[in-house]
Structures are given as C-alpha cells and as structure tokens.
Amino acid sequence: MHALDRAGLLTSFVNTTRKELADLTPPDLDDLAWDRLDYLGWRDPKRDRRAYVVLPADDGPVGVLLRQAEATARTRAQCSWCQDVRLPNDVVFYAAKRAGAAGRRGDTVGTLVCRDFQCSANVRVLPPLAYTGFDREAARDDRIVELQLRAAGFAAAVLGG
Ligand SMILES: [Zn+2]
C-alpha cells in the first residue's frame, strides 16, 4: 500500500468520534515496510481490545476503528482476510461500527482477523509444494491479491457499500 503520514492516516478514519480520533495512538509510520503491507493494522497500546485498520480503496485509504469481542473462540478460527491454513497466530473477532448514520444507529460489521494483523506477512510466505509442478510463486501472488480484495470488501461494508 502507499505510505501514509500522520495527517493522512488520521483523516482516513470513517467510523470514529472526535474523541476516539483524539485518543488514537498511531504506530511508528516511518518504521513500516509499506511495500509489504496490503493494509495497515495495529492494536491500541493504551486501550485494551481497541484496534485500527487502514484499508486501501479506490477513493483513498479507509481507516476503521475496531473493537475486539469479549468472547474467545473455543477452537482456533481462520482469519477471513488472509485465510491462512497454517494458523501461525491467534485470530479474533473484531467488530466495526459502520460509517455515518448507520453506525450512529448502532449498526456494526464483524470479521475474524489475525489478532495482530499479520495477514500481509502470512500471505507472503511461499506455500508448500502442493504437487510436482505447482507454481508456488503464482500461488503466493494470488493470495496477496485475494487479501487485498477481502480487505477492500471490508472497507466497502463499513462504508455501507
Ligand atoms: Zn489474517
């Protein structure tokens, strides 16, 4: 994804109150490998269960505040964004208030995502050789594209698309 500065990051949010935005602690943006990220996600270091994602979209990045659900899954869930089958990390249920009037009425969109937003790293791992002649690089490229599509789909759902 394209690099964002602090101002660009903060103006991307579509479902936050002024107070939530003022409370937001951004990650160290200079320290990120943007070319290896399909979206930006981080947990709030000061507020338990609060997290943020910034998802690239055609009309510019879409920032979304997420809340981790209280309940923990009994079995390990699969991330609905990277759909990594090797389960290298925890996956949790995050809910996002929808943008605009729908969100003010209490409408939310939920998704199961890697707890610390490891999706971009997960899809860049070369998959195992499924059969002789299996094109691992092409399979990896497909997974990257699929992750980008699913992230964009979540952004659209939050925006009410
Ligand atoms: Zn994931």
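Two strands count as paired if DSSP finds at least two bridges between them. By this criterion, strands E2 and E3 of this predicted model pair in the antiparallel sense, joined by six bridges.

The pairing continues beyond E3. Strand E3 covers residues 62-68 and strand E4 residues 91-97. Three bridges join them, and they run antiparallel. Gln68 stands opposite Tyr94 in E4. E4 is in turn joined to E5, residues 108-114, by seven bridges. These two strands are also antiparallel. Lys97 is paired with Thr108 in E5.

Burial was examined along E2. Six of its six residues are buried. In a regular strand the side chains alternate between the two faces of the sheet. In E2, both faces are covered. Arg50, Tyr52 and Val54 are buried on one side. Ala51, Val53 and Leu55 are buried on the other.

Helix H5 spans residues 136-159. At 1.5 Å a residue, its 24 residues should span 34 Å. The C-alpha atoms at its ends are 35 Å apart, which agrees. The buried residues of H5 are Ala139, Arg143, Ile144, Leu147, Ala151, Phe154, Ala155 and Val158. The elements that cover them include strands E2, E3, E4 and E5, together with helix H4 (119-123).

Val158 illustrates this packing. The residue belongs to helix H5. Its relative accessible area is 0%, so Val158 is buried, the cut-off being under 20%. Beyond its neighbours within four places in sequence, Val158 is in contact with Val14, Val64, Ala96, Lys97, Arg98, Ala99 and Val109. Val109 is 49 residues away in sequence. In space, the C-alpha atoms of Val158 and Val109 are 6.4 Å apart.

The side chains of Glu146 and Arg150 meet with an N to O distance of 3.5 Å. Both residues lie in the helix, four residues apart, which is about one turn. Glu146 is partly exposed, with a relative accessible area of 36%. Arg150 is partly exposed as well, at 25%.

The count of salt bridges comes to 11. Side chains of opposite charge can pair when their charged atoms come close. One of these pairs is Arg49 with Glu70, at 3.6 Å from N to O. Arg49 lies in the loop between strand E1 (40-43) and strand E2 (50-55), and Glu70 in the loop between E3 and E4, so the pair ties together parts that are 21 residues apart in sequence. Arg49 is partly exposed at 23% relative accessibility. Glu70 is exposed, at 62%.

A further salt bridge joins Arg86 to Asp84. The closest N and O atoms are 3.7 Å apart. Asp84 is buried, with a relative accessible area of 5%. Arg86 is partly exposed, with a value of 39%. Elsewhere, Lys19, Asp23 and Arg47 are linked in a network of salt bridges.

The model also contains a zinc ion, coordinated by the SG atoms of Cys79, Cys82, Cys114 and Cys119. The distances are 2.3 to 2.4 Å. Along the chain, the donors follow the spacing C-x2-C-x31-C-x4-C. Angles among the four donor atoms are 103 to 119 degrees. The ideal angle for four tetrahedral donors is 109.5 degrees. Two of the zinc donors, Cys114 and Cys119, belong to buried residues.

Definitions and conventions:
Residues numbered from 1 in each chain as written. Predicted model: local features only at pLDDT ≥ 70, side-chain atom pairs only at ≥ 80, totals over all residues. Heavy atoms only, no water. Donors = N, O, S within 2.8 Å, 3.2 Å for Na, K, Ca; no water. Tetrahedral: all angles 85-135°; square planar, octahedral: opposite > 155°, others 65-115°. Buried < 20%, exposed > 50% of the residue type's maximum accessible area, 1.4 Å probe, protein only. Salt bridge = Lys/Arg side-chain N within 4 Å of Asp/Glu carboxyl O. Expected span 1.5 Å × (residues − 1). Contact = heavy atoms within 4.5 Å.
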